Amino acid sequence: MSTFDVAIGVGPAGTAGQLRGPAGVPAHRSGGAGEHGPAGARRQWLVAATGVIGGAGLLASAWPLLDSMEPSARALAVGGPVTVDVSDLAPGQLRTVLWRGKPVWLMRRTDAMVRALEQPNPVLADPASKRSEQPASCANATRSVRADLFVAVGVCTHLGCTPVLRLDDAALNAELHAPGGFYCPCHGSRFDLAGRVVQDVPASTNLEVPEYRFLSDSSLQIG
Ligand code: FES
């Protein structure tokens, strides 16, 4: 079960005991009237108590809702890890899942795709991903734990559009020397099948690779 924090607003907690009467005597002992008398102190106490009860009520009412969710939906709601089965992912196929509100791609790469990624390509802006975000386990040419499976956040590093996978774009394939790449239709940024950006396009860094780990040959956990 994932955990989450709920901040409870208590209001002016503790202030009732600091109220002062006209002669510097604590109001609750001065016998004064209005905000500084017993009635005022009681009012302050009631405000604080209502805040606590309201916060506790909110937590109590939210918990059954979270507890009733399916594990995957609950994980999404609280930003926890997401488990994905990739056993049926065909070569060249890309699947998108949501993680922390972001689209995350899982793509099965073919041997030809992997071979192309392992060749130096001078058109790439950051071929070794030195300026880009990926876990240490993915700091390699394919930017992945396993060469046949690519995992990346499908959000362009320019202005946040979603690039599209193109396998039959002759111009893109010629530029990347590969059987496919990603194209961002918003402003024309292009990425290879490891999410590495091409030089002289609006995006300046490679696509983000999130933390993930394999749970078995056919499933992995993102986050
Ligand atoms: S958002 Fe991708 S190129 Fe502008």
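Visitor: Which residue of S9 stands opposite Asp85?
Guide: The model is predicted, with local features needing pLDDT of at least 70, side-chain atom pairs counting only at pLDDT 80 or more, and totals for chains, interfaces and linings using all residues. Residues are numbered from 1 along each chain as its sequence is written. Strands (E, at least two residues) and helices (H or I, at least four) are DSSP runs numbered from the N terminus. Opposite Asp85, strand S9 (residues 219–222) places Ser219.

Visitor: Why is one side of S1 and of S8 left without a neighbour in the sheet?
Guide: The open sheet has the order S1-S9-S8, with antiparallel pairing, where pairing requires at least two DSSP bridges between strands. Strands S1 (82–85) and S8 (212–214) stand at the edges, so one side of each lacks a neighbour, because each has a single partner strand.

Visitor: In the open sheet S2-S3-S4, by what angle are neighbouring strands turned against each other on average?
Guide: This sheet also has three strands, and their pairing is antiparallel. Angles run from 0 to 180 degrees between N-to-C directions of lines fitted to C-alpha atoms. With direction ignored, the average is 20°.

Visitor: How many residues has the largest nonpolar core?
Guide: Such a core joins buried Ala, Val, Leu, Ile, Met, Phe, Trp, Tyr and Cys residues through C-beta atoms within 7 Å; buried means 20 or more other C-beta atoms within 10 Å, with C-beta atoms placed from the backbone. Trp105 and Phe150 are among those with the most contacts inside the core, contact meaning C-beta atoms within 7 Å. The core's residue count is 30.

Notes: A residue is buried if 20 or more other C-beta atoms lie within 10 Å of its own, exposed if 12 or fewer, and partly exposed in between; C-beta atoms are placed from the backbone.
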